[in-house]
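Dear colleague,

Please find below the sequence and the structure that I am handing over to you. My findings follow after it.

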Amino acid sequence: MQSVNRNIAYNAVKMKEYYVVTEDFFRDRLRFLRNERKISAREMSLALGQNETYINKIETGKNSTTIAGFLKICEYLQITPEDFFSSDVKNTILLDNEILNCFHRLTPYQSEYMMSFLKDLTRQ
């Protein structure tokens, strides 16, 4: 009996590490990621092979999506499902491309300086 109680206590502690995803979070995250890429809800809906109001209805809570639909949304946004749910993930592919475009316009001296700065900044 003692080991069963320990397992229950352990599982209760482990549960605290997980975050509950609400419908509001899902809708807001979808809208954020779509807007970040400057994609209209209509454009995204049609690109996913749905009717033109598909994404708008998800974002306004009038409809939900299936797991298959969610995976297609992630594929379209070029992110993993993990990235979708991680509010910490802000640097998406759009920003990556913008950073690379700016980096390519630097002089060799500026490039070296920036690399040194980035390495120092990300040193753990």
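A search of the whole structure turns up zero disulfides, a disulfide being a pair of cysteine sulfur atoms within 2.5 Å. In general, a disulfide is a covalent bond between the sulfur atoms of two cysteines. Cys-74 is buried, at 2% relative accessibility, whereas Cys-102 is partly exposed, with a relative accessible area of 36%. Here buried means under 20% relative accessible area, exposed means over 50%, and partly exposed lies in between, for a 1.4 Å probe and protein chains only.

Please note that this is a predicted model, in which local features need pLDDT of at least 70 and side-chain atom pairs count only at pLDDT 80 or more, while totals for chains, interfaces and linings use all residues. Residues are numbered from 1 along each chain as its sequence is written, and side-chain values use heavy atoms, with hydrogens and water left out.

**Salt bridges**

Side chains of opposite charge can pair when their charged atoms come close. A salt bridge is counted when a side-chain nitrogen of Lys or Arg is within 4 Å of a carboxyl oxygen of Asp or Glu. By this rule, the count is eight salt bridges.

One of them joins the side chains of Asp-28 and Arg-31, at 3.2 Å from N to O. These two residues are three residues apart in helix 2 (residues 23–36), and therefore about one helical turn separates them. Helices are DSSP runs of H or I with at least four residues, numbered from the N terminus. Asp-28 is partly exposed, with a relative accessible area of 45%, and Arg-31 is partly exposed as well, at 29%.

Arg-31 also meets Glu-59 in a salt bridge, at 3.8 Å from N to O. Because Glu-59 lies in helix 4 (residues 54–59) and Arg-31 in helix 2, this pair ties together parts that are 28 residues apart in sequence. Glu-59 counts as buried, at 5% relative accessibility. Asp-28, Arg-31, Arg-34 and Glu-59 are linked in a network of salt bridges.

A further salt bridge is formed by the side chains of Arg-42 and Glu-52, at 3.3 Å from N to O. Arg-42 lies in helix 3 (residues 41–47) and Glu-52 in the loop between helix 3 and helix 4, so the pair ties together parts that are ten residues apart in sequence. Arg-42 is partly exposed, at 48%, and Glu-52 is partly exposed, at 43%.

**Positive phi values**

Most residues other than glycine have a negative phi. Which residues here have a positive phi without being glycine? Lys-38 has a phi near 60°; this residue is found in the loop between helix 2 and helix 3 and is exposed, at 71% relative accessibility. Gln-78 has a phi of about 60°; its place is in the loop between helix 5 (67–77) and helix 6 (81–85), and Gln-78 is exposed, at 53% relative accessibility.

**A cavity**

The structure holds one cavity of 30 Å³ or more. A cavity is a set of points, on a 1 Å grid over the protein atoms alone, where a 1.4 Å probe fits but cannot get out, and lining residues have an atom within 4 Å of a point. The volume of the largest cavity is about 30 Å³, taken as the space filled by probe spheres set on the points. Its lining is made up of Leu-48, Gln-50, Tyr-54, Gly-69 and Lys-72. These residues divide into two nonpolar, two polar and one charged; Ala, Val, Leu, Ile, Met, Phe, Trp, Tyr, Cys and Pro count as nonpolar, Asp, Glu, Lys and Arg as charged, and the others, Gly among them, as polar.

Yours sincerely

Key
On a 1 Å grid over the protein atoms alone, a cavity is a set of points where a 1.4 Å probe fits but cannot get out, and a pocket is an open set with protein on both sides within 12 Å along at least five of seven lines; lining residues have an atom within 4 Å of a point.
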